[in-house]
Amino acid sequence: MSADKLVVRPFEPRDVDAVWRLMRELAVFEGYLDAFLVTPADLLTHGFGPTPAFGVFVAVKEHTIAGIAVHYRIPWTFDLRPVLVLKELFVAEAFRGQRLGRMLFARLQAHATEIGASALRWTVLPDNEPAKRFYAGQGAARDAAWEHWTLPITRRI
């Protein structure tokens, strides 16, 4: 996909540092920088190879990686079809308002269709009203049937 010198494509090893910086910016924005442990080496190790643990679509505008859509797949559930999970959608502040988020989300939807997914799922911070409006504008709705729960697992060293 491209428009006005914008390309949305899967990330490549040469993109790792830029993707990591945007992931870190998101950690700052969402308030979990102290817990952010991902390194560029982790992205290389787990994002490439014969069975990558996750994928990233990057929005490249004029040779700059301006946005990311980090995703992973749940192989199948009750209907024997995969579910695509959007882990992080983030556009650098300087590039907001230029439809990059929409293009990343559209590429993610196309990927979900390509893999035969039954759904695309994600979470949104309760107070992130701009994100909620964005997703609603893409045709999504809050999942009223399920609540998001978490059980922290402590690390043993």
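Biologist: How many salt bridges does the count come to by this rule?

Modeller: The count comes to 5 salt bridges, a salt bridge being a side-chain nitrogen of Lys or Arg within 4 Å of a carboxyl oxygen of Asp or Glu. This is a predicted model, in which local features need pLDDT of at least 70, side-chain atom pairs count only at pLDDT 80 or more, and totals for chains, interfaces and linings use all residues. Residues are numbered from 1 along each chain as its sequence is written, and side-chain values use heavy atoms, with hydrogens and water left out.

Biologist: What makes the contact of R9 and D15 a salt bridge?

Modeller: The N to O distance for R9 and D15 is 2.6 Å, and the rule asks for within 4 Å, so the pair qualifies. R9 and D15 also belong to a network of salt bridges with E12 and R14.

Biologist: Why is D15 called buried?

Modeller: Its relative accessible area is 4%. Buried means under 20%, exposed over 50% and partly exposed in between (1.4 Å probe, protein chains only), so D15 is buried. R9, at 15%, is buried too.

Biologist: Is E114 buried or exposed?

Modeller: E114 has a relative accessible area of 53%, so it is exposed. Its salt-bridge partner R107 (3.4 Å, N to O) is buried at 16%.

Biologist: Where do E129 and K132 lie?

Modeller: Both lie in helix α4 (residues 129-137), 3 residues apart, about one turn of the helix. Helices are DSSP runs of H or I with at least four residues, numbered from the N terminus. The side chains of E129 and K132 meet in a salt bridge at 3.5 Å, N to O.

Technical notes:
Helix = DSSP H or I, 4+ residues; strand = E, 2+ residues; numbered from the N terminus.
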